[in-house]
Structures are given as structure tokens and as C-alpha cells.
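Please read this briefing with the sequence and the 3D structure open beside it. The points are grouped by topic.

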Amino acid sequence: MNTRTILYFSLIFVLQLTVNQLYANGLPDLSEKNGKQFVNNCLACHTGIEDIRQANSKMMDKIYALAAKASYPDNSCIVCHGGNPDADTKERAHEGSINYFIENKGPVEFYPDPASVWINDKTCGMCHWEQVKTQFTSLMFTEAGKIQGTTWGFGGKQGYNHDVANIAVEEVAVHERLGSEVYKNYMEEIKKTEPQVFPGKMKELPPAPSPEEIEKDPSLAVYTYLRAECQRCHIGVKGSKSDGDYRGTGCGSCHIPYSNRGIYEGGDKMLSKTERGHMLVHSIQSGRDAVVSIHDKKYTGIPTKTCTSCHNRGRRIGVSYEGLMETSYESPFMSDGSGQKKIHKKNYIHLQADVHLKKGMLCQDCHTSGDMHSLGDLSGAIQGAVEIECQDCHGTPTKYPWELPIGYGDEIIENQSDTELPRGVSDSVAEYLGKGWVAPAGDGYLISCRGNAMPHIVKKGNEIILYSASGTDIVLQPLKKLAEEGKLSLQGKVAMQQIPGHIESMECYACHATWAPQCYGCHIKIDYTNTEQRKDWVEIAKHPNSKGQTADALSPEDYENIAEIVLSGKVTEQRSFLRWEDPPLVINGEHRVSPAIPGCQTTVTVIDKNGNTRLLNHIFKIPNVEGAGEQGQLAIDISPLQPHTIQKKARSCESCHNNPKSMGYGIEGGVLYSDPSKNIIMDLTDIKGQPLAQKIDTQFNAIKNLSMDWSRFLDEKGNQLQTVGHHFSGSRPLNKEELSKLDRRGVCVSCHKTIPDKDLASNLLSHVAKYANVEIDNEGHSSILNKSIRLSAWVQVLAAVLLLLAAFFFIKRFFRKK
């Protein structure tokens, strides 16, 4: 090391000591409004912290402009965090704010987390007021579908109504909602059709019951279950602090990066590098122009792992998109011999990731700003909130996306898309979206099935360019272009062109989602003998402090009234078995054939505070719904979904047309190996199965209302055995006509009951093939079938023609004789 280098580092060291000493003794007031030089006092402590956005970005320009208006042009921190920029101690710096922001609806406090929904109208909302205005109507805040679905399994407490949310909310006034006029008009029609999903107003989730209330009505335990487990993912709280589940709150739930371990790895010297619960780096992740730097790496967009911090339960669409399927096993072993580490409190095996992910696409490349932030409409279920369909980009073999009408593929209103008026493309996008990155227009922006222009998907000739938030440009050839150029595979031609009914009546993912997570039997126990207090994720959200922090973001000693955000009752969850292959098919809320998985096949056990079992492995019944009368339908559900496991190569025809599971009859036709409604004792028994000992235990306790396999929701007579979707009115099992088109079981027997030795002609051909050493493989077999069917068809057509000719000549001759 030379002398110049030594002097340089010595100077840096001395300067750092001087800054530290100045802060210790009280900083001089350099923020006079008399033309003196300004400094950012925050950086005296937070040395090395990252810019929230890169210095040359439009967002940083805006932030510095706001700081300058407040007369602190060099202190960008105060624009989001507030606080006192003139303070000479940490305590003073972290309190209050300055008059400019107070008067202009900016920060009025010091906000450690400016993204919190409880104060972000004063921070993020200074610029992004549109999304802040609609955030409380987002499903990510209300979780209304989850609430309705869970209460359905406890006896259908809300019926089909989706009018309960974490916190009471109303949809945004119609003139203030976002979206195009086409979109707004379209949504008004959907709301009239499905009012139970679009209530316009939602009331607050009922409180967790007291132990005394449980003794009177054990079904009220559903509210303990919801508040202690299910509701931990809404954006009003930070959620479960476990590996894979660390995240921010409010806007920061998605826009601030957190690693699986929740450890800070940035340059701020004040933040712990070992304590969990911190962001990965102090930067906003957003669109294609928001560059996040961490160590020697850079990235743009919101990584899928951010989405999976919530989307790993229920439908499991986040982890499924990544190819993760949960398992009960910890194999394979890790390098130190330990078991596989859990993320999201689960172990996983790795199956096929979604083809869109393998192509470099993030969740936000398909899902619009409206899907996630809401456009102000209050939807109680995912299908109501999501405005995109596969055909919006891929089109059909006969029409490009811009040739399709509004509503195509989104037929919540049956026959909604009967109009032939094409949706076209747009030459612009909504003005507020311009605050983020917008792609060059090309030949026009593609329009979603509900009528909104998509800002990063453009038409270029007869191709489509998707400008991914990850920085990748993906060129897509729509199905019509592939069909016109003869580039569809043989299977694709058969499925989409030879049988156009597939395109018109099925979701694309009915074939192209090759697997789906199927968790059969959801066994829930709520035990009130356990007096340990647990977090109530709804009450936590309702009691933020003045800084916008909820109790889950604070240490217990920092929270003033811990009693208001805890509840009693320990929740335990188990399952019967898992599957992923060949998901069954049903009709979804868009009146299309869709894959389905067990929604919540709830079996409830409730133990009261005195240890008495109030419910044991109980399946509720709901009267007068889905094919049942007063005796009630089992409140276990098979739910339509988009599994987010799309592959270019679709599932085989046989996996649907020759598979009783796909029809709703259950795995292997619902064969019951053991009756689940009866107790099973595994001990020494006599020849009749009677136990010999008196001190015995029941190995498998009965589930009294279950007399079938969990996977069976339809019998061969068409009787429905459990509910199929309880959100949209169109959801149901396949009907008799649809099953008759689907069911092709027994096709082999129909031929081989006489072939090769029961029919003279085929017996002769079989012997010729045998002595000529002709091997008939699958390809040869297919060729024989094709020839046989075509020959049979021609013979029948010619026979019909000959009969008609004979009849013609007979009639002609008859009249001539007359």
C-alpha cells in the first residue's frame, strides 16, 4: 500500500470520527433558509443505506422535488419517513414532522414503515393516490373469499354471500373508480349477475368467540380459526415471521424485497445483519425501470418469491407456479445430514414449474395493476377480481386477440361474448399507469377481456411483444398465426381445430395445467384447553399506533395493550392424503370446463376449555344447496381454479377421457378400500375381527358423515356428493350431456370383445400378421383404427347413397307405371 493510499484512508477515518462526534454533541443547524448549504442529517447514522430508487429515476426526481418544496432539498428521507430533519439526537429525529408535509397531507409523524396501509395516504399516496385510494377494496386486504370459503366448511354461516371482510369496507364511488369506461360498464353488468360476489359493502369479521360461547355453539370456533391462522396474509399486517413468509405491509408487502430468512444485507451500518424480520435491501422493487442492486447483482420487477410469501396456502398458486408441491417428508437430506429445511412452514418436492416462469415471466407480467391493487370494485372472490384470460394474449386458432370481443373467456355472464364486435387495440393506457414503466406502443396496446389496455403488452404486426418487468422481451406468436403457418402440433390441431368445442367451452388450462396440488381431507382441531395467547391477525390490523405500525411489527414490550390483539384456542391442521396428478374437471364460474382441487374439505374437532370434545371429526351439512334437500349437502368442497402449472405440452387425452377421476367419480372410480365412517381397531383380534384385549385404542376414528372417498364428488347416477365451488353461480359438476362427451372408458373392450378371434375377417387378418411377423405397435394400432373408422364411415355413406338411389328409382318406376 503506497503513501497516497494510506493518507486517503486516514482522511476518511478522521472525517467519520468527526461526523460521529458532531452527532454525539448535537449537530449544528445547517438547514437555515438563508442560502447556506444543506445536509441530510439522517445519513449521519444511516451511513451506507441504499437509495430507495436509483438516483437518475423519475421517482427520485419527484422525491427530491418534494424535499425541496419543504426547504430540505438534500434530505429525501423525510418525504417518505417524515420525522424531524433538524434534530440533534436519534430520539428527536424520530418524532414529529415539518409543517410543509402536515399542511400538504404528507407525513405528520415519523414513519418507520411508510408503506403501511394505515398511513400510506400521507406517504406513497402523495404521488400514487390512485392505488392508495382503492387498496382497501383489494382482495389482498379484505380476504373476503377466504372468509366465505372457511365459514362454508363450518356449516355455511354466510351462505353464498361474500359480504364479510377483515374490516368493514365499501367499494369506491363509481365516478372515482379506475379503469376504462368499457371496463366500468362491463363490471356493472357482472355485478348484477353475481350480487353475492359483488356486495358493494362488506361488514367486519365477527370476533373470536369466548370459551363460554364455544360451549353453547362450537361452530363459532371458525372465527378463532380464521383469526389465528387464515387471515395472516392480508396487507394490513406483516404476517407470519417464518422462513419464506417475511414481507412488508401495505405497499411494502409487494414493493419491498424480503429474503426467505428476513435478514438485511444492505449497507446501512445501523441495521442488524443477523436479526430477522428486516427487508433484504432498502430499495423499491416495481417495474422494469426500478433497478434493485444487492451485492454485485441487479434485478428489476417483483420476484415470484415475494408473491409466494402469501400465496402458499389455500389454492397454493404461488408455490405451484414455481413447481413446488408440499410433502410430509424431509428428504432428500441436506449437506450436513439434516432434513430439508422448511419454507412457509412446509416441506416440498419439486415438480414442473409453469412454462411462463421458465420463459422468464413474473407474476406481474400477466396480472394487471387492477388485479392486485383493485380498481375500486369490491369483489369477494378471485375470479371476480382478475381481469385477464389466456386468450387476451394467445387468441384462438381462428382469431387474434384483437379480433376477439370484450368478455371472451370471461363468461361470468353466460353468452356474454356472443357479440362479434372485435375489441381491437389501444393507442394509450390509463394516465396513472404512466407513473410506472410503459412499453412503447408499437401497433397498439393489447386490451384485457374486460376492456383495459395493458401497458407492457403490445401488438407488432401479427405478433405480440411482452415487455417483462424482469427486463426480458418475449415475442409471442398467437394461435391463429401458428395455425395459418402450419406450426401447431398434431395434438394441438386435433384438440383445437378438429374439435373446436374445446376452445369454445373449456379453459385453456383445463388441458395445459398438467398438475395441481390436491390436499384431500382438511382436519382442523381448535383446542380451548390451551391457554397460551395467540395473535389475532384481524385485531392486530385494527390497532396500529400513530406511526402506522401494527403489533406484529413491534416487540411485545413496545405494544401498550397486548390483550386487545390476542385470542385463546390452539389450532392444529392435518390432512388425509395429497395428490398432484390428473386434477378432476368441473364447470367454473365462467361456465367453462376447468380443473379443480379440494377447496376446503373441512372436518372439525373442537375441544372446550374443560377438555370436553364438543365436535369430533365432524363434517357439517348445508340444507337445500347443490342438489341436496333438507337433509343437507356435505360442506366439503371441490373448487375450480387456475392451477398456475401451465406446460406447452398438454395433459394426454386419456387422462381426461379415460379417467373416472377427471369426471368426478373419484380416484380409480372412487373405490373405497375402507369405510371412513367406522372406527378401526388395530390390535389382537379373533377370526371375526373382535379385539381380544380390553385395554385397546381406536387406531382410526370414524368420520361419521363420510361414506365415500374424499376425491369422489359425483356418482354414476349424476347425484352430487359434495359442493363444487360456492362463489359463483355457474360452478358445478359436469352434467349428463357433458359427461357423455367426456367419457370414453371401455373403448378397448368395445373392439376386443370380438377381436381377434371372435370375428372371421379379423381372425384371418390376425393370422396373416402373425405368420408374416408383422408387429403391431401403438402407431400401427392407431393406423388400423383410423383406417377402420374411415372405411366404416365410407361404407355407411355409400350404403346410404345406394339406398337413396334405389328408393329414387323405385318411386320413379312406380309413377311411370301409374
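**A buried glutamine**

Gln647 is buried, with a relative accessible area of 5%. Buried means under 20% relative accessible area, exposed means over 50%, and partly exposed lies in between (1.4 Å probe, protein chains only). This is a predicted model, in which local features need pLDDT of at least 70 and side-chain atom pairs count only at pLDDT 80 or more, while totals for chains, interfaces and linings use all residues. Residues are numbered from 1 along each chain as its sequence is written, and side-chain values use heavy atoms, with hydrogens and water left out.

- Gln647 lies in the loop between strand 21 (636–640) and helix 25 (654–657). Helices (H or I, at least four residues) and strands (E, at least two) are DSSP runs, numbered from the N terminus.
- The side chain of Gln647 makes a polar contact with the side chain of Lys358 at 3.1 Å, and reaches the backbone oxygen of Ala353 at 2.9 Å. A polar contact is a pair of N or O atoms within 3.5 Å; within protein, one must be able to donate a hydrogen and the other to accept it, and residues adjacent in sequence count only if both atoms are side-chain atoms.
- Leaving aside residues up to four places away in sequence, Gln647 touches Gln352, Ala353, Asp354, Val355, Lys358, His512 and Thr514. Contact means heavy atoms within 4.5 Å.

**The protein as a whole**

- The secondary structure comes to 30 helices and 24 strands.
- The C-alpha trace spans about 125 × 80 × 60 Å along its principal axes.
- The protein has 818 residues, and 46% of them count as buried.
- Among contacts with a separation of 6 or more, 65% come from residues 24 or more positions apart.
- Accessible areas come from the Shrake-Rupley method with a 1.4 Å probe; for residues, only the protein chains shown count as cover.

**An enclosed helix**

- Eight of the nine residues of helix 8 are buried, so helix 8 is largely enclosed by the rest of the structure.
- The buried residues of helix 8 are Ala144, Gly145, Ile147, Gln148, Gly149, Thr150, Thr151 and Trp152.
- What covers them includes helix 7 (139–142), strand 1, strand 3, helix 11 (221–228), strand 19 (621–622) and strand 24 (723–724).

**Salt bridges**

- Side chains of opposite charge can pair when their charged atoms come close.
- The whole structure holds 42 salt bridges. A salt bridge is a side-chain nitrogen of Lys or Arg within 4 Å of a carboxyl oxygen of Asp or Glu.
- Glu109 forms a salt bridge with Lys547, with the closest N and O atoms 3.4 Å apart. Glu109 lies in the loop between helix 5 (99–103) and helix 6 (129–134) and Lys547 in the loop between helix 24 (537–542) and strand 14 (566–567), so the pair ties together parts that are 438 residues apart in sequence. Glu109 is buried, with a relative accessible area of 19%.
- Asp163 forms a salt bridge with Lys203, with the closest N and O atoms 3.0 Å apart. Asp163 lies in the loop between helix 8 (144–152) and strand 1 (164–165) and Lys203 in strand 3 (residues 201–204), so this pair ties together parts that are 40 residues apart in sequence. Lys203 is partly exposed, at 47% relative accessible area.
- A network of salt bridges links Glu171, Arg177, Glu188, Lys191 and Asp377.

**Cysteines**

- A search of the whole structure finds zero disulfides. A disulfide is a pair of cysteine sulfur atoms within 2.5 Å.
- For Cys230, the nearest cysteine sulfur is that of Cys600, 7.2 Å away. For Cys310, the nearest is that of Cys233, 3.8 Å away.
- Cys230 is buried, with a relative accessible area of 7%.

**A nonpolar surface patch**

- Trp794, Val797, Leu798, Val801, Leu802, Leu805, Phe808 and Phe809 form a nonpolar patch on the surface, with about 830 Å² of accessible area together. Patches are made of residues with over 30% relative accessible area and no salt bridge: like charges are joined within 9 Å, nonpolar side chains (Val, Leu, Ile, Met, Phe, Trp, Tyr) within 5 Å.
- Leu798 is found in helix 30 (residues 778–817), and counts as partly exposed at 49% relative accessibility.
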